[in-house]
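Please look over the sequence and the structure before reading on.

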Amino acid sequence: MPSAVASAREILVRLHDVMASRTAAQAKLNAVVNIVGEAINSEVCSIYLLREGVLELYATRGLSQEAVHVTKLALGEGLVGTIAEFVEVLNLDEATSHPNFVHNPETGEERFHSFAGVPIIRRERAVGVLAIQHVDQRRYDDVEIEALQTVAMVLSELIANADLVDASAAASMRPQSTAAARIPGLKLVEGMASGCAVYHQPRVTIEHTVAEDTEAERHRVYAAFDKMREQIERIASQAEFGGGGEHEEVLETYKMFAYDEGWSRRINEAIDSGLTAEAAIERVQQRTRARMRQIDDPLLADRMHDLEDLSNRLLRIVSGQMGTAAQGGLKQDTILIARNLGPAELLEYDRRRLKGVILEEGSLTAHVTIVARAMGVPVLGRVKGVRRAIAEGDMLLLDVTAEANVFARPSPAIEEAFETKLQMRQKRRAAFAALKNELPVTKDGHRVTVMVNAGLRDDVAALDVTGADGIGLFRTEFQFLVSATLPAKAQQQRLYKDVLDAAGDRPVIFRTVDIGGDKALPYLVKDDAEEEENPAMGWRALRLALDRDGLMKVQARALLEASAGRTLNVMFPMVSEPWEYDEARALFETQREWMRGRGKKLPVEIRYGAMLEVPALAEMLDLLLPKLDFLSIGTNDLTQFLFAADRANPKLAERYDWLSPAILRFLARVQAPVAAAGKPLAVCGEMGGRPLEAMALIGLGIDRLSITPAAVGPIKAMVRSLNRAALMTKMQALLIESPRDMRGALSAWAAENGVELA
Ligand code: PEP
Ligand code: MG
């Protein structure tokens, strides 16, 4: 063989005609083994395809034709099975010397000594094997192996187009398209929805592997490289907000790869061999992946991850299959599928068409979950094997209620059952909505305050829909998360004023920005060079705001100006020590004085509050309370710190219960001094939106809840069916007794006492 380029190219030219012909798939495979065999001058050339979980000999030149469709090998069995299982190349001068060698007498292969085989790869998995054999004992050179791998790429296109790969093989590349499936998960945001499956990051499907016009392909790749470099430069320049740090290092690596001569040269060589631009990029990436599998170096693995990322970006650019599904816009009612999402990514989707979300990871109090809850979008989390079970475009029914499942490609019977359940749910919701004008008063006459959590402009509508008492937590950082750049003061002020206008005489508690943790802002690069290992316990919320006080000064002014002539309720997140609260309050006061000095219209009153999310603050309440107007417990963060259990870690999602004695005792210890000081105490974490948990809080004497709007109806219904005095007595006993199954004990009490738990 003169050179890999010439040889691969010569083969591809001939394969091009085969691919374009109208012959049946089997005839095409027969033609391929002959073309490759002749071109490489090999005595044997065979194609094995994965069918029903086994590799079946589909076409051969040189082995006995009787063996075709007869010889079958399991994954991992024999040389062919080994290649497919490990997605690796074998190149042996003596086939029998390999420990996995098995003899298939029906093939008549005993005459042949040397053996080389490459996997036929589709979506990173082997769907078949292309092998050559010779009588001589010889080792194939790199050029020949390269040529085989290029042919294997074309074969992967051929077998996908001809639907030659069956259900079990398809399991690794595309789900069986007809069978209904039920896939369980974890309830993150309750609700029911139906829609079409859309992947957040669609995979680029390579439709054509053999080039019509090599020059044209080369230009496509040049143009894509230019565009990719531009994008990287743009990201880098936008990131220059704070400068330095890990972010910059990553970008440097990206830049290094984007301009890497070796990478673009290899892609060019693959194009020279006759591949399309897409196939060439993928071919080079396959080669890199294969090399990576052999090197066990975590540092290098990270770098390769970056390269993989860039390679996918290049592939998306060249194929025109750009960005996330959000950028393309949703065409119909959609159930979005992702490994995980950031809150900002979720907010990029059209709220009218986004009906549900399926996450392979996800946890109950991660901010993406909170945002979805605020949007009223059901979320099923921790769904395993979703990529194998659901194909883009599949019809899905999402049932995140007492059960938590997604039904893919449902049968008519399942659809009907789903519809019935949905109607019943809607009836129940209508009953809750009817409570809109009823007050949340317990049976023994105690008024509970039920407010809503909000953060987006549209959330304010929830006040009228639910008849809630106000907004107990307005997460101001959501505006920062949805913008591409830092929102200017005027923008912030406009939002706050709109919210206050819509709320009318109902109070709104604005929380100053809580960024950092899992609410990273792409445009805010932290200036401390060290990477944060535990961002939730890191430089976030008030800590960041006090250090970068420019950010908080702007926000303070926006809030003060928006509240001119009204009461401003403001609270600070993640207060850990009283001095942090003092400083934050002083910052607001300074801004107020500044405005007063300039004759600007001021709020009639400012009421200051702190969030209790860091357990240490509970020890300092005697010092803090006299300075506070109100306290709000953020149970999402508080419980992660009490149990030392990351709220965003899916492995811990179900491990600790909000109704555990430790949490309830802690809350009781906080409630007592706050009540004694006569200060309002609320809970604004997700816990308060769950009827049984809310019941427990009321039992502890906490009678202000700020919850997700969808929970207002069920919580009102619970409150109105409750005898608070009896519950408080029970709660005291339970706190002393502290049964391991506190949840069980509380549920039993609720059932005995007719408490309505939706
Ligand atoms: C909390 O931590 O409970 C809270 C309400 O704040 P966030 O969920 O926004 O961190
Ligand atoms: Mg919090």
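At roughly what angle do the axes of helix H25 and helix H26 cross? The axes of H25 (residues 691-699) and H26 (residues 712-720) cross at roughly 50° and come within 10 Å. This is a predicted model, in which local features need pLDDT of at least 70, side-chain atom pairs count only at pLDDT 80 or more, and totals for chains, interfaces and linings use all residues. Residues are numbered from 1 along each chain as its sequence is written, chains are lettered from A and ligands numbered from 1 in the order in which they are written, and side-chain values use heavy atoms, without hydrogens and water.

**H25 and H26**

- H25 is oblique to H26 (under 35 degrees is roughly parallel, over 145 roughly antiparallel, 65 to 115 roughly perpendicular, the rest oblique).
- Axes are lines fitted to C-alpha atoms, for helices over the stretch in contact, with angles from 0 to 180 degrees between N-to-C directions.
- Helices (H or I, at least four residues) and strands (E, at least two) are DSSP runs, numbered from the N terminus.
- The crossing of H25 and H26 is right-handed (the near helix is turned clockwise from the far one by less than a right angle).
- Pro691, Ala694, Met695 and Ile698 of H25 meet Pro714, Ile715, Met718 and Val719 of H26 (contact: heavy atoms within 4.5 Å).
- These contact residues divide into 8 nonpolar, no polar and no charged (nonpolar: Ala, Val, Leu, Ile, Met, Phe, Trp, Tyr, Cys and Pro; charged: Asp, Glu, Lys and Arg; polar: the others, Gly among them).

- In H25, 9 of 9 residues are buried (under 20% relative accessible area, with a 1.4 Å probe and protein chains only).
- The cover over H25 includes helix H24 (661-676), strand S21 (681-683) and helix H28 (742-752).
- Gly701 follows H25 and has a positive phi, near 95°.

**H20 and H21**

- The axes of H20 (residues 549-562) and H21 (residues 578-597) come within 9 Å and cross at roughly 55°.
- H20 and H21 are therefore oblique to each other, and their crossing is right-handed.
- The residues of this contact divide into 9 nonpolar, 1 polar and 5 charged.

- Glu613 sits in the loop between strand S19 (605-612) and helix H22 (621-624) and Asp637 in helix H23 (residues 635-642), so the pair ties together parts 24 residues apart in sequence.
- Glu613 is buried at 3% relative accessible area, and Asp637 is buried at 1%.

Definitions and conventions:
Buried < 20%, exposed > 50% of the residue type's maximum accessible area, 1.4 Å probe, protein only.
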